[in-house]
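The sequence and the structure come first, and the notes follow by topic.

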Amino acid sequence: MSLRQMEYLVAVVEEESFTRAAELLNVTQSALSHQIKALERDVGGPLLERRPRGIGLTPMGRAFLPHAELAVRSAEQARRAAKAAAGAAGGELHIASLHALAVGVLPPVFARWRRAFPAVRLHLHEYATTEELRDHMERGVADVAVGPRPEGWHGPVVPLGYEEIMVITSAGDPLAARTDPVALSELAGRDWVRCALEPVVEGKRWLDWVCERDGFTPRTAVWTEHSSTAVRMAVAGMGLVAAPVHMARDVHGAVTVPVDRPWRREQTAFTRVGLTGITAAFVELCQELAFAVPVPVPAPGGRVPADRTG
């Protein structure tokens, strides 16, 4: 069993095709098939099966794949880390994050990085939920992840700061004229735009949980799949949405309204191995630029648990 054979298997699974995987790896399809068969003989059974619409994994393949992915990506990270430690010019840095953070807080970080390290190419992997983010980091997809603090993570976790959650509405909403923080109880009669990726707290969706503490159940006008869509629905007049402030920055007509008990959610950078070289430099840049609210303890009652996010 070789690392190259595992690399071939991962490529076939990701491309769902022997033909596309062979093109990606710059090998002939016959050579690719030969190496996959040799790997299957080594492990003692079939890993892949041909289906009407592509290639699938057998039960043995599903058990084997995470370990193969980890081996392949750990080798890639080892090469990048060695080059960075040696001061080699160029190379790549792979970053994993949630889509909401990727469109909100990471663009300025990436822009500054490009000016400081023009020879280092960035590769961004985006995920919808914290579960997906953690799972793919455990498989070695990226060198560093940016997202909510992962519970029980065995590698380094570096606090970056807190993203502030506010009520977002349209410029034509009477609420937009408020100059003082609004009490959540004042919004008991309003419609809300909700996101399917809303955090879950004590078995309840986060907005249901916080509103219940203020004595009411939020009235949902529309459900969306992503928070970026929810913000645009709110600006269009569908209702209020509770979302990170950075989600409103680039939406024309969006107005943020603070609540009287600040809502904040911790964000971190986490890795599987120690921070060195360009990985450490990227994390330092995130600490400097990404989040307006720095690391110190958030206001009482203000932290939003990060079981799930979007």
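Among contacts in the protein chain between residues at least 6 apart in sequence, what percentage join residues at least 24 apart? The figure is 74%. The model is predicted, and its chain holds ten helices and 13 strands.

**Overall build**

- The protein chain has 310 residues, and 47% of them count as buried.
- Along the principal axes, the C-alpha trace spans about 70 × 50 × 35 Å.

**Strand pairs**

- Strand S1 (residues 48–51) and strand S2 (residues 54–57) run antiparallel and are joined by four bridges.
- Strand S7 (residues 191–195) runs parallel to strand S10 (residues 219–224), and five bridges join the two.
- S7 is mostly covered, since four of its five residues are buried.

**Helix H7**

- Thr130, Leu133 and Met137 are buried in helix H7 (residues 130–138).
- These residues cover an arc of only 60 degrees around the axis, so they sit on the same side of H7.
- In general, an α-helix has 3.6 residues a turn, so residues three or four places apart point the same way.
- The cover over the buried residues of H7 includes strand S3 (92–98), strand S4 (121–127), strand S5 (144–147) and strand S13 (263–270).
- After H7 comes Gly140, with a positive phi near 85 degrees.

**Helix H10**

- Helix H10 (residues 277–289) has 13 residues, which at 1.5 Å a residue should span 18 Å. The C-alpha atoms at its ends are 19 Å apart, which agrees with that expectation.
- The buried residues of H10 are Ile278, Thr279, Ala280, Ala281, Phe282, Val283, Leu285 and Cys286.
- Ala281, found in H10, is in contact with Trp113 and Phe117 once its neighbours within four places in sequence are left aside.
- Ala281 and Trp113 are 168 residues apart along the chain, while their C-alpha atoms are separated by 9.0 Å.

**Loops with positive phi**

- Glu16 lies in the loop between H1 and H2 and has a positive phi of about 55 degrees, although it is not a glycine.
- With a relative accessible area of 46%, Glu16 is partly exposed.
- Asn26 lies in the loop between H2 and helix H3 (29–43). Its phi is also positive, near 60 degrees, in a residue other than glycine.
- Asn26 is exposed, with a relative accessible area of 72%.

**The largest pocket**

- The largest pocket holds about 440 Å³ of space.
- Its lining is made up of 17 residues, and those nearest its centre are Glu7, Glu14, Val72, Arg73 and Glu76.
- At least two lining residues come from each of helix H1 (3–15), helix H2 (18–25), helix H4 (59–85) and S4.
- H1 gives the most to this lining, with six residues.

Definitions and conventions
Residues are numbered from 1 along each chain as its sequence is written. This is a predicted model: local features need pLDDT of at least 70, side-chain atom pairs count only at pLDDT 80 or more; totals for chains, interfaces and linings use all residues. Side-chain values use heavy atoms; hydrogens and water are left out. Two strands pair if DSSP finds at least two bridges between them. Buried means under 20% relative accessible area, exposed over 50%, partly exposed in between (1.4 Å probe, protein chains only). The arc is that of the directions from the helix axis to the C-beta atoms. Contact means heavy atoms within 4.5 Å. The expected span of a helix is 1.5 Å times one less than its number of residues. On a 1 Å grid over the protein atoms alone, a cavity is a set of points where a 1.4 Å probe fits but cannot get out, and a pocket is an open set with protein on both sides within 12 Å along at least five of seven lines; lining residues have an atom within 4 Å of a point. Grid points are joined across faces, edges and corners, and a volume is the space filled by probe spheres set on the points.
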